[in-house]
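Please read it alongside the sequence and the structure shown here.

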Amino acid sequence: MSDTRWTVLVNDEEQHALHPAALPAPAGWRPAGFTGTEDACESWVDAHWSDLRPLSLRQGAART
């Protein structure tokens, strides 16, 4: 079992990623507001990111 703490990141397309909490977020990504174990972060993402399509694709589909 790892002691690594993870944080959930989100980008402008509302895609989510897990990233080690001790490291700064890469360019284009920002914290989504949740940090915890890898399992806890995966559960949070599963509960909050139900439509995996990028935001631009969802918006385009809504216009048609």
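From the N terminus on, the elements run β-β-β-α-α, which gives three strands and two helices in the protein. The model is predicted. Of its 64 residues, 22% count as buried.

**Overall dimensions and surface**
- The C-alpha trace spans about 45 × 25 × 15 Å along its principal axes.
- Among contacts between residues at least 6 apart in sequence, 40% join residues at least 24 apart.

**Strands β1 and β2**
- Strands β1 and β2 run antiparallel and are joined by five bridges.
- One of the residues bridged to β2 is Val10, whose partner there is His16.
- Four residues lie between the strands of this hairpin, and Glu14 takes a positive phi near 65°.

**Helix α1**
- Helix α1 covers residues 38-48, and Cys41, Trp44 and Val45 are buried in it.
- Seen down the axis of α1, these buried residues fall within an arc of 100°, so they line one face of the helix.
- An α-helix has 3.6 residues a turn, so residues three or four places apart point the same way.
- On the face of α1 turned away from the buried side are the exposed residues Asp39, Asp46 and Ala47.

**Aromatic pair**
- How many aromatic pairs does the count come to? The count comes to one aromatic pair.
- The pair consists of Phe34 and Trp44, with ring centres 5.8 Å apart and planes at 15°. Planes under 30 degrees apart count as stacked, so the pair is stacked.
- This pair links distant parts of the chain, since Phe34 belongs to strand β3 and Trp44 to helix α1, 10 residues apart.
- Are the two partners buried or exposed? Trp44 has 19% relative accessibility and therefore counts as buried, the cut-off being under 20%. Phe34, at 24% relative accessibility, counts as partly exposed.
- Trp44 is thus listed among the buried residues of α1 and also stacks with Phe34.

Terms used:
Residues are numbered from 1 along each chain as its sequence is written. This is a predicted model: local features need pLDDT of at least 70, side-chain atom pairs count only at pLDDT 80 or more; totals for chains, interfaces and linings use all residues. Side-chain values use heavy atoms; hydrogens and water are left out. Buried means under 20% relative accessible area, exposed over 50%, partly exposed in between (1.4 Å probe, protein chains only). The arc is that of the directions from the helix axis to the C-beta atoms. Two strands pair if DSSP finds at least two bridges between them. Rings of Phe, Tyr and Trp (its six-membered ring) pair if their centres lie within 6.5 Å; planes under 30 degrees apart count as stacked, over 60 as edge-to-face and the rest as tilted. Contact means heavy atoms within 4.5 Å.
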